[in-house]
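Work through the exercises below with the sequence and coordinates at hand. Each task is followed by a solution in steps.

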Amino acid sequence: MITEFTGQRPQTANLQDPLYYLSNMDTIVSWVADHHADLLSEWEQARLEAFTNLATGPRALLSRMVMRTGELFRADKLRYPELPVPEAEALKLLVQEGWLDNSPELSLDDLFRLFTLAELRPVFGGWLHQQGHPKTLGKAQMREFLAEAFSEPRPLRHWLAEAVGEQAPEVVQLQDMALFDRTRLMFFGNLRQSWTDFVLVELGVQQFEPVPFTPESRAFQHRSEVDCYLQMHQCRERLDDGEPPAEVWSDVPGPVDNPWLTSRRDRLLLELGRQAERQGEQELALQVWAASGHREARLKQLRLLERMKRFDEAWSIACQWQTSELSDAEAQGLSRLLKRLAAKVGADTPEPGDNPPLQEFTLTLPKPEAGSVERAALMHLGTDAAPVFYVENTLINALFGLLCWPVIFKPLPGAFFHPFHVGPADLTRADFVARRKRAFEQRFSLLATGDYPREILDSFRNKQGIANPFVFWPVLDEELLELALHCIPPRHLEALFRRLLNNIKEHRSGFPDLIRLVPDAEQPEQRYEMIEVKGPGDRLQDHQVRWLQFFAREGIPASVCYVRWQAHETSL
């Protein structure tokens with residue numbers, strides 16, 4: 001039976017409480033036990049209940065260990081004065097209850113992580129001396145020389161007994177780390193977030209929009225989905241640890257009937273293909289990228305086929321792909337590829353796209369002693385009647401995020417499944433807009449009625465400091481927003497917002513550096529201009545060019561300002 005979500009946020013602990021971390025751990029454990037019971041085995045449910053029933057001291061110490069890195073700990077290094085009982089007493093109970101193993105087998109690497117060089121020299125000094133090595137070896141060299149002879153793990157007493165006898169410190173190992181990882185995964189929906197997210201809330205570093213929760217809001221609906229995520233996570237860790245891609249590929253889960261997990265699988269395959277290509281496994285890279293639905297995978301597959309001189313195969317795939325709905329970056333990359341491939345396969349060169357000329361001008365300015373080229377251009381171009389602001393990617397994104405706040409935080413299934421989301425989990429998924437199409441259209445309709453300035457400014461005032469993936473609060477102020485809303489015509493805002501939604505991941509960046517606002521201009525189209533600034537030797541990037549071409553097609557005033565520095569005058 002799944003407990004209904006109340007819609008209330010779980011309470012984070014007061015940092016004035018020395019056991020704040022235990023309160024946070026208790027919150028996550030109880031949340032998962034209540035709302036994800038159907039995804040837990042009987043043993044896991046019983047184990048979480050046993051954790052809850054532990055006395056405060058042992059439960060706090062176990063929480064500290066779970067929140068640290070690794071599973072092995074020296075008992076003599078566990079010092080937490082806030083515990084209500086001595087650490088030794090808490091450790092003894094945790095061993096008795098099966099939470100810790102006080103006689104784990106340690107590898108040589110484990111030993112070298114846990115002990116200092118001074119502690120290890122008495123253990124291995126004699127053996128190294130017999131092998132002709134000096135006793136003054138550094139830790140890394142010592143580890144290298146010992147690796148072959150001491151390759152088997154063994155209990156600590158077998159490593160240290162002869163050197164330190166009964167004084168050897170105790171080493172303990174967490175026994176249920178996999179359960180705590182699974183619990184954290186089910187709460188956050190990922191393993192990227194950690195227990196410290198609670199601390200950030202209490203410190204005021206981050207505030208989050210409260211979103212109603214339902215059972216359908218959970219990250220996972222079936223235990224098999226949790227297992228699939230964990231399997232993919234392990235595959236990624238193995239890749240990061242340098243394991244051969246071919247070995248990892250065999251353990252990647254097959255396609256899943258879950259859009260959110262599918263997107264994670266696509267990203268994993270994108271990286272697996274990259275690693276395979278770097279290591280010269282070209283056929284594997286092609287196979288993996290063909291199986292990935294990630295936006296970047298198809299272009300990487302085609303470019304690799306081109307480098308392998310398999311032009312006909314690349315041409316056939318590229319022509320089929322050309323008929324699909326593409327993002328601007330995909331269309332640009334594909335156009336360049338088709339142009340190169342046409343010459344190789346004897347086909348007609350594709351007609352170039354409709355790319356209007358960009359507006360450009362040059363400024364020659366004295367080089368400032370300090371400050372950026374953007375700052376120099378801003379100071380030169382700005383006047384009292386037409387102030388210039390450095391906004392880059394912040395202003396248009398913020399106007400969109402403030403207007404569409406209710407849509408961004410709409411409580412759809414699989415979008416929000418814990419209280420610490422900066423934005424919806426499906427924000428960069430292909431179906432993000434389709435799932436909210438009607439709601440977006442309702443917000444965009446405000447642009448036609450003239451109600452949008454009030455909606456945007458109300459959001460700015462009422463949502464101050466709350467995390468939003470489109471709003472960067474430190475650079476916003478109400479005066480700038482009011483001026484921008486007065487100067488930028490609503491039809492231009494709608495065009496900008498719709499392109500932003502076309503590919504959120506790609507289109508949140510690439511906006512021009514500056515915006516000049518002219519509130520007293522007679523025509524709306526004359527009341528503002530976006531300006532991309534390029535210093536000496538700098539050039540436009542592809543995503544910036546795509547935005548500028550879009551501006552030109554839509555009649556949005558934008559230009560590129562090339563700054564040159566004045567030559568120094570010399571006196572004879």
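Predicted model: local features only at pLDDT ≥ 70, side-chain atom pairs only at ≥ 80, totals over all residues.

**Exercise 1. An open sheet and a helix packed on it**

Give the strand order of the open sheet of 5 strands, then describe its edges and the helix that packs on it.

Solution. 
- Step 1. The order is β6-β10-β9-β8-β7, and the pairing is mixed.
- Step 2. The edge strands, each pairing on one side only, are β6 (360-365) and β7 (388-390).
- Step 3. On average, and with direction ignored, neighbouring strands in this sheet are turned by 30 degrees against each other.
- Step 4. Phe389 has Ile515 in β8 as its bridge partner.
- Step 5. Helix α24 (residues 478-487) packs on the sheet and touches β7, β8 and β9 (528-534). The direction of α24 makes about 70 degrees with that of β8.

**Exercise 2. A helix pair**

How do the axes of α2 and α9 cross, and which residues meet?

Solution. 
- Step 1. The axes of α2 (residues 42-53) and α9 (residues 177-188) come within 11 Å and cross at roughly 95 degrees.
- Step 2. Angles of 65 to 115 degrees count as roughly perpendicular. The helix α2 is therefore roughly perpendicular to α9.
- Step 3. From α2, the residues in the contact are Trp43, Glu44, Arg47, Leu48 and Phe51; from α9, they are Leu179, Phe180, Arg182 and Thr183.
- Step 4. By class, the residues of this contact are 5 nonpolar, 1 polar and 3 charged.

**Exercise 3. A glutamate in a helix**

Is Glu455 buried or exposed, and which residues does Glu455 touch?

Solution. 
- Step 1. Glu455 is located in helix α23 (residues 452-462).
- Step 2. Buried means under 20% relative accessible area. Glu455 has 19%, so Glu455 is buried.
- Step 3. Leaving out residues up to four places away in sequence, Glu455 touches Leu402, Leu403, Arg443 and Leu446.

Technical notes: Residues numbered from 1 in each chain as written. Heavy atoms only, no water. Pairing = 2+ DSSP bridges. Helix = DSSP H or I, 4+ residues; strand = E, 2+ residues; numbered from the N terminus. Axes fitted to C-alpha atoms, helices over the stretch in contact; angles between N-to-C directions. Contact = heavy atoms within 4.5 Å. Parallel < 35°, antiparallel > 145°, perpendicular 65-115°, else oblique. Nonpolar A, V, L, I, M, F, W, Y, C, P; charged D, E, K, R; others polar. Buried < 20%, exposed > 50% of the residue type's maximum accessible area, 1.4 Å probe, protein only.
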